[in-house]
Structure formats: C-alpha cells, structure tokens
Amino acid sequence: MRPKIFTFRNFLLALAALGILGGLAFWVYRGFPLPFVGVPSTAGKIAFVWEKDGQSDIYLGSATGGEPTQLTRDTTLESELAFSADGQHLVFTEDHGLSGVRQVCLTEAAPGRRQITLTVNESTKEQPYFRGDRDLFFLDSGKIGRTTTDASDSDAIFPTVEGKRDNVALAALFAEGGISQYAVSLDGETILAAVKREHGHVLVVYQVQEKFLALLGSSQDLRFQALKDGSFVVLFTGGAPLKEAMQIPNPKTEEEKQMASEQMGKLLNQLSSQNDAMEGKSVLVHFDAKLAPQSIIPLPFIADGFSVAPDSKMLAIYISEARDGKSAGLFVGNITAQDPPTLLYDKPVSAVTWSPDSAALAFVADKELLVTPATGTDTPINLTQGKGKASSPVWSPIPVKK
C-alpha cells in the first residue's frame, strides 16, 4: 500500500520548511546579523564618506576624536549621507550596474552590515533623506520620488506625468527643466522645490494631500532646509522671494487652459528678469509653516550653503571659494538677527552639519573633517588627520522617545 503524500501533516511540515527557508533567506539578505544584537548607539557620532588608499567608504567618527570606524567596504563611490530619526540607519547614493547610474541605498549604522539597494530603475537618484519612521524621499532625474526602507513601495510624488498632462500651467512650469533641489516637511506633506529654468530657478511649494501648488519666488540658485515646526529656511543667491505665495491654477476649459499657459509664461519671464537685479547677492529667508516670509537676512557675501541648528535658532553658512575680495570660510549667526554672521573658520568649507544639541559643528575644509564648538573657542579636532578626502558629513540625531 502506497503511503499518502498529500496529508494535512505533510502540508504543515511543508509550511514550516518554507517559513524556515524564508527566514534564512531574509537573514542572509540582511547580512547575517547575530540574534538579539542590534545597532550600537550612534549618539555623538558623525558619519561621512572617506576616500583614501584608492577606495571610498562610509565611516563613523567620534566628535571627541580617535580613529573612525569603517562601516562599508566596496568599490563604489558613496555620497549624500542621511541618518534615520533613531540613528540606526544610513541612507545614501552610490553607483550601480554597468551604466554607473546612482541609486538610493540603505545600511545599518554598524560595521559589516548589508547594503540594500532601494531603487532599481535606470535613472539617476540624488538627495535622499528620511521622513517619518520608514519613508524616504529622493530626486529621480528631476522629479521627487518616495520609497520605504524595505523598498515595498516606490512612487513619483511631484511632478507626475498625469499632473503635467492634466494641468497646462504645471506643464509650462516644467517646460525647460526638472527639480534641482528640494526640501520636505517632517510630516512629508509639504514640498519646496527649485525648478530649473533657462535663467535660474523658480521656487515652488507643493502640498501633497491637497495638491496645492504655488510660486514663492525665483533665484539663480536655491538651497533649502525644513525645520521641525513646519517652517522652511531658503538661501536665495541671485534672486528674492515673492511677498506672498502665488497659487498656480488648475484650468479645466480650453479657454482657461490657453489663458493659464500664457499667464504662466509671462510670469516666469518676469521672475527671470527680476533675478538679474539680485545678481551676486545672497539672502536667507525664513518662511513660516503657512509659507509667508517671516525674516529676510541679507548676507555680505555669496554663500554656497548653510545649515540651521536643531534648536532652530542658530545657523551656519559656508563659502567654498573666495569671490570678489571676500574670504572663504565658515560663519555662524542667529536665524532671527539682522546682524551679519560672524566668521568661525577662515578657510574654504564645502559642507557642514550640526550636533543634535546645537553646541558643535562638523565641517569639511581642505578635504579634512573637523569638529569645533559653535562658539569657535577651541582648536578644531581633526578626525581625518591629513589622510585622503572627507565629504558628506552628517551628525547622528538624538532618537525621539515614543
């Protein structure tokens, strides 16, 4: 008598075997982490890319000095690091495939952990960062996309193909180029974006749920940062904000579409002309949560970038090369004060990040990664000691208790 193969007992055994194999595959995929061993605390640590000995990898350094810890070991070039809110993960971009197209990758902030590629389509990805516990935003060839830490979902946020097809004003806005820089509010609902134009960039705001779209200004160059209270700080170089947001309509009839397209073209040309009057000037503008300009700080130099401290009071501004007789360096000021920022470091600086308590700064100067108090009272600590080239520093946050 032949034994029965398809029995309820065998069915349960098959399910158990599949579960074990699935768990083993996931363990291998995660890089063989040991059971019950999580990521050590990254508090007080600074992640950065370090190119040395012919290779580029991500390292984790202590703000107090000492030899940084190597986190990744591969032949690709990592850049644009960002920490998750709990300090346990790092997201970044790196070259993938034979085409060398940059993709968004994720890893745990500990040595020897697996690097997970979250995006796969053949288009360049840039500027990834976390919003919420698992959502990640990034630039995808001039469009803003969103995915998750497990790559279970990925979609285009702004602009979408459908949006440009259905709204001629939106299509006219993006007729000459895509998005070059952007910032997303902490809840992921409000997006500020710099849309490329032939003569500079247009600053727009897009509210995801309400699908509200408006112009906020224009400039030859724009840099952004979203603050925890829902407000934004924008660096205008060669431009200025509008006095109030100008909503972009969504015309329905053919007559409305024709009128909207013509009006948008005229408005964009006017904004481009206004940029010429501000050429060679930089201003920092603080927009409140309702996107009204609250403070405008003229800068006595052309800035290359800035970073607002976690306390939303102090800001650091850097210049990467001397221009028009103005020295390069790192400057610190108050976000609400009209007084010009004070010089903290007098050599070219290319990137800066704040400590979570807003008391110290880490920055890249002449390929070195330096750490100094925000008061500038101490000699900076050099974390790279003249070896190789540092870039993309980001300070680990203090995890928010839930």
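Strands here are DSSP runs of E at least two residues long, numbered from the N terminus. By that count the chain has 27 strands and four helices, and strand β27 is where V394 sits. Keep in mind that this is a predicted model. Its mean pLDDT is 86, with 88% of the residues at 70 or more.

**The chain as a whole**

- The chain runs to 402 residues, and 47% of them count as buried.
- Take the contacts with a separation of 6 or more: 44% of them link residues 24 or more positions apart.
- One stretch to treat with care is residues 25-37, where pLDDT stays under 50. The model gives that stretch 11 contacts beyond four places in sequence.

**The second largest pocket**

- Rolling a probe the size of a water molecule over the atoms is how you see where empty space is left.
- In this model, the second largest pocket holds about 300 Å³ of space.
- Its lining is made by 16 residues, and the ones nearest the centre of the pocket are G163, N167, L170, Y206 and K211.
- Which elements give two or more residues to that lining? They are strand β11 (154-158), helix α2 (161-166) and strand β15 (212-226).
- Sorted by class, the lining of the second largest pocket comes out as nine nonpolar, five polar and two charged residues.

- As background, most peptide bonds are trans, and most residues other than glycine have a negative phi.
- The peptide bond between F158 and P159 is cis, with omega at about -10°. P159 belongs to the loop between β11 and α2, and both of those elements contribute to the lining of the second largest pocket.
- D53 isn't a glycine, yet its phi is positive at about 55°. You'll find D53 in the loop between β1 (45-52) and β2 (55-62).
- Is D53 buried or exposed? It is exposed, because its relative accessible area is 77% and the cut-off is over 50%.
- Q385 is another non-glycine with a positive phi, this time about 50°. Its loop is the one between β26 (381-382) and β27 (389-395).
- Q385 has 55% relative accessibility, so it counts as exposed too.

**Around D140 and T124**

- D140 is part of strand β9 (residues 135-140). Its relative accessibility is 14%, under the 20% cut-off, so D140 counts as buried.
- Setting aside residues up to four places away in sequence, D140 touches N121, S123, T124 and K125.
- From D140 to A156 is 16 residues along the chain, with their C-alpha atoms 8.5 Å apart.
- T124, one of the residues that D140 touches, lies in the loop between β7 (116-117) and β8 (125-131).
- Beyond four places in sequence, T124 touches V101, R102, L139, D140 and S141.
- T124 and G142 are 18 residues apart in sequence, with 9.0 Å between their C-alpha atoms.

**Around V394**

- V394 has a relative accessible area of 14% and so counts as buried.
- Which residues does V394 contact, leaving aside its neighbours within four places in sequence? The list is K45, I46, A47, L81, A82, F83, L90 and T353.
- V394 and V352 are separated by 42 residues in sequence, but by 8.0 Å in space, C-alpha to C-alpha.

**Around L227**

- L227 is in the loop between β15 and β16 (232-247).
- Despite the loop position, L227 is buried, because its relative accessible area is 4% and the cut-off is under 20%.
- Not counting residues up to four places away in sequence, L227 touches L186, V233, H286, V308, S312 and I335.
- What C-alpha to C-alpha distance goes with the 84 residues in sequence between L227 and D311? It is 9.2 Å.

Conventions
Residues are numbered from 1 along each chain as its sequence is written. This is a predicted model: local features need pLDDT of at least 70, side-chain atom pairs count only at pLDDT 80 or more; totals for chains, interfaces and linings use all residues. Side-chain values use heavy atoms; hydrogens and water are left out. Buried means under 20% relative accessible area, exposed over 50%, partly exposed in between (1.4 Å probe, protein chains only). Contact means heavy atoms within 4.5 Å. On a 1 Å grid over the protein atoms alone, a cavity is a set of points where a 1.4 Å probe fits but cannot get out, and a pocket is an open set with protein on both sides within 12 Å along at least five of seven lines; lining residues have an atom within 4 Å of a point. Grid points are joined across faces, edges and corners, and a volume is the space filled by probe spheres set on the points. Ala, Val, Leu, Ile, Met, Phe, Trp, Tyr, Cys and Pro count as nonpolar, Asp, Glu, Lys and Arg as charged, and the others, Gly among them, as polar. pLDDT is the predictor's confidence in each residue, from 0 to 100.
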